Amino acid sequence: MFGVGRRQAGPRGSGGSGGMKMRLLMALAIAAFALISYYGNPGDENLVTGKMERVAMAEEEDEMRLGLQAAPQMVQQHGGPSRDARARARVEAVGRELLAGLDKNLVIAERTNPYKFNFTLLADPQTVNAFALPGGQVFITEALYQRLDRKGGNAELAGVLGHEIGHVLERHGNKRMAKQKLFSGLATAGGMAGGDVQSQQTAAMIANMVSMRYGREDELESDSWGVELLVLAGYDPRAMVGVMKVLDEAGGGGGPPEMLSTHPKPANRIEYIQQVIKARFPDGLPPGLRL
């Protein structure tokens, strides 16, 4: 009887084992495809920095096209363009100053800026934010704009715009899209291997947390660009510290834990900015910079 029981259980057990093996094989195939698609890509040269980067879109024209397509929705979400024509013109003028300094530097370095930038002041009076889309669409809300440069200069505004220009030049949105494809593929593979909804949700959560870490690194890299662009345009990069203080005040000094935030805490960014300034200008800042 015991022997008969084993023979009867055998097909059911092997069927379950076969299903598990099939799920594992499919999961491995999906994971392998995601990894090979990302790490097997030799990368594309960044025309501004000269670095080889893994991106979702190799052509800068595709980045600009995507940014232009997404821009109207972003504008609508934030109440449309600002009604203050003078403020809109100021944002555009400061942005162009930064690009002029960059272009002069790139000519010396025999490199080029392939992007066509637009700078838009949004009417949103509540959301303290600035952001950039791939290809050169840069936005700042009135809620942030009104908090900047209370002493009458343009340096803090230049710091915000310089930071956002840095996101575009480093192709952060493009690189994040490539990474998100990788994380999405690995999350799908993890969920399939687990075989249930909870496993899929857990895998997706882990993938999202990993991708958020890259976002924080992008922010610091763009802070470094902010310092560089400010000096190239004749502004004092220490204005970036003032921007961080504005953001800290806007957040009430609190907010979510840094681990679960896409932006480093302003206090940590202040320390980083000061380190960048010291490393970039060990003998002191050039004279005559504007605040």
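Trainee: Is Glu110 buried or exposed?

Mentor: Relative accessible area decides: buried means under 20%, exposed over 50% and partly exposed in between, with a 1.4 Å probe and protein chains only. Glu110 has 74% and is therefore exposed. Glu110 sits in the loop between helix 3 and strand 3. This is a predicted model, in which local features need pLDDT of at least 70 and side-chain atom pairs count only at pLDDT 80 or more, while totals for chains, interfaces and linings use all residues. Residues are numbered from 1 along each chain as its sequence is written, and side-chain values use heavy atoms, without hydrogens and water.

Trainee: Which value does phi of Glu110 take?

Mentor: Most residues other than glycine have a negative phi. For Glu110 phi is positive, near 60°. Arg171 also is not a glycine and has a positive phi of about 60°. Arg171 belongs to the loop between helix 5 and helix 6. With a relative accessible area of 1%, Arg171 counts as buried.

Trainee: Where is Glu170, and with which residues is it in contact?

Mentor: Contact means heavy atoms within 4.5 Å. Glu170 lies in the loop between helix 5 and helix 6 (172–194). Beyond four places in sequence, Glu170 is in contact with Asn46, Thr49, Lys51, Glu53, Lys175, Glu221 and Trp225. Its relative accessible area is 4%, so Glu170 is buried. Lys179 is buried at 15% relative accessibility. The C-alpha atoms of Lys179 and Ala56 are 8.3 Å apart, although 123 residues separate the two along the chain.

Trainee: How many helices and strands does the protein chain have?

Mentor: Both are DSSP runs numbered from the N terminus: helices are H or I with at least four residues, strands are E with at least two. The protein chain has nine helices and five strands. Their order from the N terminus is α-β-β-α-α-β-β-β-α-α-α-α-α-α. Of its 291 residues, 42% count as buried. Among contacts between residues at least 6 apart in sequence, 71% join residues at least 24 apart.

Trainee: Which residues have the most contacts inside the largest nonpolar core?

Mentor: In soluble globular proteins, nonpolar side chains tend to be buried together. A nonpolar core is a set of buried Ala, Val, Leu, Ile, Met, Phe, Trp, Tyr and Cys residues joined through side-chain atoms within 4.5 Å. Here the largest has 43 residues, and Phe117, Ile140 and Leu161 have the most contacts inside it. Helix 5 provides the largest share of this core, eight residues. Leu161 touches Val91, Val94, Gly95, Leu98, Phe119, Val138 and Ile140, leaving out residues up to four places away in sequence. A second, separate core has seven residues, including Ala71, Met74, Val75 and Phe131.

Trainee: What lines the second largest pocket?

Mentor: On a 1 Å grid over the protein atoms alone, a pocket is an open set of points where a 1.4 Å probe fits, with protein on both sides within 12 Å along at least five of seven lines; lining residues have an atom within 4 Å of a point. The volume, the space filled by probe spheres set on the points, is about 410 Å³ for the second largest pocket. Of its 16 lining residues, Asp149, Arg150, Lys151, Glu156 and Gly242 are the closest to the centre. Helix 8 (239–250) gives the most to the lining, six residues, and helix 5 (155–169) supplies at least two. By class, the lining holds five nonpolar, three polar and eight charged residues. Asp, Glu, Lys and Arg count as charged; Ala, Val, Leu, Ile, Met, Phe, Trp, Tyr, Cys and Pro as nonpolar; the others, Gly among them, as polar.
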